Amino acid sequence: MIIEVRRAEILAAARQRGGVGLRELSRRFHVSIATIRRDLSALAERGLLRRVHGGAVPLTPVVAAVPREPAGDSVAAAAALVEPGMAIGVSGRRRAADLAAQVGEVPGLTLVTPMLAVARAVRGDRVTVVLIGGVRTPSGSHAGPLAEQALLGLHLDIAFVEPGSPGDMLAAATDEAMLRRAARRVFL
């Protein structure tokens, strides 16, 4: 099994159950406890988990919620948070692309995204679009260690994340990395 896939599955299990144990993970993935310790340490270093005696628990990001219904109103509310000169991260599908289109004329804006559809939604030349790369996932995100490494060097004023497809752990980990790099976090 690919290390990053195993780590993504460990993170998903920790989030789903509120924590994971060393022995349980060792049996599940048929690897040594030392390997699981390294996996948990790597996830903790990335700010995704907190190590505890015998395992790890997920970290819960502080987020602001944008009203969920109707869709157009939540995107408009999110767009209203964006000001000239900001650096924002945007990840997701339809709502994320709609947000990118709405903020496409904000002067001096920098928009960072792992989603080609979001980058394409920006029209005009007033916004600088930074498309981070990685492995293309089922959700269309370019995710994984390369994308997460690119995010490490960035500071975002706001990260807008639309929850992705269940089971797309690489994209979820990249979204988490984006959320960690932002002063303000918003779920679309």
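Trainee: Among contacts in the protein chain with a separation of 6 or more, what share comes from residues 24 or more positions apart?

Mentor: Such residues account for 55% of those contacts, where contact means heavy atoms within 4.5 Å. This is a predicted model, in which local features need pLDDT of at least 70 and side-chain atom pairs count only at pLDDT 80 or more, while totals for chains, interfaces and linings use all residues. Residues are numbered from 1 along each chain as its sequence is written, and side-chain values use heavy atoms, with hydrogens and water left out.

Trainee: How many helices and strands does the protein chain have, and how much of the chain counts as buried?

Mentor: The secondary structure comes to eight helices and eleven strands, taken as DSSP runs numbered from the N terminus (helices H or I, at least four residues; strands E, at least two). Of the 188 residues, 47% count as buried, that is, under 20% relative accessible area with a 1.4 Å probe and protein chains only, whereas exposed is over 50% and partly exposed lies in between.

Trainee: Why is E148 called buried, and where does E148 lie?

Mentor: E148 lies in helix α7, and its relative accessible area is 6%, so E148 is buried. Leaving aside neighbours within four places in sequence, E148 is in contact with R46, A173, T174 and A177.

Trainee: What makes α7 and α8 roughly parallel to each other?

Mentor: Helix α7 (residues 145-152) and α8 pack at an angle of about 5 degrees, with their axes 9 Å apart. Angles under 35 degrees count as roughly parallel, over 145 as roughly antiparallel, 65 to 115 as roughly perpendicular and the rest as oblique, and α7 and α8 are therefore roughly parallel. Their contact is made by A147, E148 and L151 of α7 together with A173, T174, A177 and M178 of α8. Those residues divide into five nonpolar, one polar and one charged.

Trainee: Why is α1 called roughly perpendicular to α8?

Mentor: The axes of helix α1 (residues 3-17) and α8 come within 9 Å and cross at roughly 75 degrees, and that makes α1 roughly perpendicular to α8. On the α1 side the contact involves E4, A8, E9, A12 and R15, and on the α8 side M169, L170, A172 and E176. This contact divides into five nonpolar, no polar and four charged residues.

Trainee: How do you know that α8 is mostly covered, and how far does α8 reach from its first C-alpha to its last?

Mentor: Nine of the twelve residues of α8 are buried, among them L170, A173, D175 and E176. Helix α8 (residues 169-180) reaches 16 Å, close to the 16 Å expected, the expected span being 1.5 Å times one less than the number of residues.

Trainee: What makes β1 and β2 the edge strands?

Mentor: The open sheet of three strands has the order β1-β3-β2 with antiparallel pairing, and β1 (20-21) and β2 (49-52) each pair on one side only. Two strands pair if DSSP finds at least two bridges between them, and four bridges join β2 to strand β3 (residues 55-58). V52 stands opposite G55 in β3.

Trainee: Why does H30 count as exposed, and where is the place of H30?

Mentor: H30 is in the loop between α2 (22-29) and α3 (33-45), and because its relative accessibility is 73%, H30 counts as exposed. Although H30 is not a glycine, it has a positive phi of about 55 degrees.

How values were computed. Axes fitted to C-alpha atoms, helices over the stretch in contact; angles between N-to-C directions. Nonpolar A, V, L, I, M, F, W, Y, C, P; charged D, E, K, R; others polar.
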